[in-house]
Amino acid sequence: MSLAITQCVVKAWSIVAGKRVLVVSYSYSHQTRNLLKGLIRGLEEEGVDLTWERVSTVQALRFPIGTIPSTVVMMLKTFLRKRYPIKPLKPIVFKQWDMIILAGPTWSYNPSGPILSLLDRDGEKLFSGQSVLPLISCRGYWRVHFWGLHSLLKKCGAKIICSPIVFSHPTPEPWRTIGVFLKLAGKDPEVGTSWFGKFYPKYGHSRIQMERAYRLGRELGHDIMSGTKPSELQFQAPVRSEANS
Ligand SMILES: Cc1cc2nc3c(=O)[nH]c(=O)nc-3n(C[C@H](O)[C@H](O)[C@H](O)COP(=O)(O)O)c2cc1C
């Protein structure tokens with residue numbers, strides 16, 4: 001059977017079996033988005049009927065921020081949980097799901113501003129009574145973000161899966177902190193032949209982590225399709241991959 005026919009059969013089966021997952025995500029510098037591409041491919045290959053809603057801001061946020069002073073200002077504002085207004089979500093997202101995956105980056109130890117806006121505006125309508133699995137992309141410091149998100153989701157009436165999926169940048173400290181700051185400030189620390197580039201080969205997640213996200217999608221999809229209760233799901237945090245294990 002060709003791959004296309006197999007995919008059609010899998011999709012048809014998911015509609016019959018009726019396991020529907022909504023992914024709601026925000027991604028500023030494409031790291032969460034790239035992880036989700038792999039995760040979603042894995043989920044769909046296991047037969048999950050998947051809807052992906054990408055949150056976008058009313059005013060586009062430029063990446064990189066561009067200068068050191070404006071990067072410092074953004075970090076201070078996000079530390080104070082500044083909200084970034086978002087466009088309306090598609091009406092289709094407001095229904096009952098088998099699971100909602102809420103995905104996005106850590107910003108100054110908090111959920112990102114667009115996700116905070118989402119929780120303020122649509123949180124109760126979207127998450128009340130739903131099983132919610134948080135997915136976090138970060139440099140390495142996700143716990144405060146997760147606790148904050150957990151409490152906000154709880155206020156919305158969500159059933160939170162207490163074991164989040166977390167991906168940290170694999171480059172060791174202090175290089176990843178300096179590297180992320182320089183990248184946001186508009187430098188390209190990983191490019192060229194500078195001594196810094198030797199310690200900081202890439203901004204963000206590795207190719208191995210993208211593959212790990214795909215395999216995780218397969219495993220999660222298998223659990224969902226075989227009727228595992230969301231409350232029984234367990235993930236190592238951060239997700240271990242060859243590059244950061
Ligand atoms: C304003 C800002 C603040 C950040 N603060 C943190 C932080 O406190 N902890 C952390 O681990 N990563 C932090 N990061 C790094 C991002 O979480 C990380 O680069 C993530 O992979 C970006 O995902 P995205 O491309 O999907 O937005 C911050 C990034 C930005 C833009």
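View 1. The shell around the ligand draws at least two residues from each of α2, α3 (68-79), β3, β5 and α6 (175-184); helices (H or I, at least four residues) and strands (E, at least two) are DSSP runs, numbered from the N terminus. The ligand is surrounded by 22 residues, the closest being S27, S29, Q31, T32 and P105; a residue is near the ligand if its C-beta atom, placed from the backbone, lies within 6 Å of it. By class, the shell comprises 10 nonpolar residues, 11 polar residues and one charged residue.

Residues are numbered from 1 along each chain as its sequence is written. Because the model is predicted, local features need pLDDT of at least 70 and side-chain atom pairs count only at pLDDT 80 or more, whereas totals for chains, interfaces and linings use all residues.

**View 2. The largest nonpolar core.** Such a core is a set of buried Ala, Val, Leu, Ile, Met, Phe, Trp, Tyr and Cys residues joined through C-beta atoms within 7 Å, where buried denotes 20 or more other C-beta atoms within 10 Å. Among its 46 residues, V21, V23, I100, I101 and V132 touch the most other members. Helix α4 gives the largest share, six residues. Beyond four places in sequence, I101 touches V21, V23, L133 and L135; contact requires C-beta atoms, placed from the backbone, within 7 Å.

**View 3. The surroundings of E53.** E53 lies in strand β2 (residues 49-54). Its contacts beyond four places in sequence are L22, V23, V24, L89, K90 and V93. V73, 20 residues from E53 in sequence, is 29 Å away, C-alpha to C-alpha.

Definitions and conventions. Two residues are in contact if their C-beta atoms, placed from the backbone, lie within 7 Å. A residue is buried if 20 or more other C-beta atoms lie within 10 Å of its own, exposed if 12 or fewer, and partly exposed in between; C-beta atoms are placed from the backbone. Ala, Val, Leu, Ile, Met, Phe, Trp, Tyr, Cys and Pro count as nonpolar, Asp, Glu, Lys and Arg as charged, and the others, Gly among them, as polar.
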